[in-house]
Amino acid sequence: MNAGLRVAVLTGGSGGLVPGLAEELAKAGFAIVLTARSKDGLEATASRLRLLVEAPVVTLISDARNRSSVNSLAGQVVDQFGRIDVLVNAAASSTPIGGAIEEVDVDALMADVNVKVGGYLRYAQAVVPAMKRQGGGHIINIGGLTGRSSDTLSGLRNAAVSHLTKVLSDQLGPFRIAVNAVHPGIVRTPHLDELFAEMAHERDIDAATIEAEFVAEIPSGTMLSPGQVGRLIAYLAGSEDVAITGQSLTIDGGYSRGVFL
């Protein structure tokens, strides 16, 4: 990799975790490319980010479900910056799919997988040629802890993200492209506040009680911020080697109790 401006592409760039991830990557010296299907959401995120960082922040529209759209995105980034150093795959539906197995909407579940798992693979396919030409890069796939439990059927997409990550790391390691998955725990985002409000309504209690119940299960005693997850992403993205690759890394304040060897 040359000593010029490093470039990070973040999918799902219109909200959720991504603004916090992008801020930490920008602070670490990366030019930021945010991409999503919605132009309005992207521009709102970019406008807020530009007030916080000095690094370039650009927005480009792409659809994780469409190979041509994804390839066009990668081409536009290379045309503008000459390189792609980091891909952070974070595009996903925020609506969990579960319930009684007889009632599960399989089409909705597969559509969800098409965005998160299929989309992650499409974006990886699109950026790999540039990373190979420049001699390396980082692909970081955002998963989730539901992939390690049976609570929510849509957690299968996060289990698949870990598998995809390992396959990509095996194939791309010889080209000095590191591929890792990051599974965040309970992170304070607007979506989480909405979820707590829905749960509180269902149980006829206040949202603060719901939040306290979740926090009580976290050994660190606090929820994560997007910035905390972002600092882990920036650490991985800033590595000059591929010593850490093929890993599924959890950042959750100790929330998950499984032992994974």
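How many helices and strands are there in the chain? There are eight helices and seven strands, where helices (H or I, at least four residues) and strands (E, at least two) are DSSP runs numbered from the N terminus. Please keep in mind that this is a predicted model, in which local features need pLDDT of at least 70 and side-chain atom pairs count only at pLDDT 80 or more, while totals for chains, interfaces and linings use all residues. Residues are numbered from 1 along each chain as its sequence is written, and side-chain values use heavy atoms, with hydrogens and water left out.

Let's start with the overall form. The C-alpha trace spans about 55 × 40 × 35 Å along its principal axes. The chain has a radius of gyration of 18 Å, which agrees with a compact globule because one of 261 residues would have a value near 18 Å; the radius is taken over C-alpha atoms, and the globule rule is 2.2 Å times the number of residues to the power 0.38.

Of the 261 residues, 46% are buried, meaning under 20% relative accessible area, with exposed being over 50% and partly exposed in between (1.4 Å probe, protein chains only). Among contacts with a separation of 6 or more, 74% come from residues 24 or more positions apart; a contact means heavy atoms within 4.5 Å. The accessible surface comes to about 12,400 Å², and carbon and sulfur atoms account for 53% of that, by the Shrake-Rupley method with a 1.4 Å probe.

Now zoom in on S169, which lies in helix α5 (residues 156-172). This serine counts as buried because its relative accessibility is 7%. A polar atom of the S169 side chain lies 2.8 Å from the backbone oxygen of K166. Leaving aside neighbours within four places in sequence, S169 is in contact with V179, T245 and G246.

Most residues other than glycine have a negative phi. R176, however, has a positive phi, near 60°, and D204, also not a glycine, has a positive phi of about 55°. You will find R176 in the loop between α5 and β6 (177-184), whereas D204 lies in the loop between α6 (190-203) and α7 (207-215). R176 counts as partly exposed because its relative accessibility is 42%, while D204, at 72%, counts as exposed.

Conventions: Polar contact = N/O pair within 3.5 Å; in protein donor to acceptor, adjacent residues only side chain to side chain.
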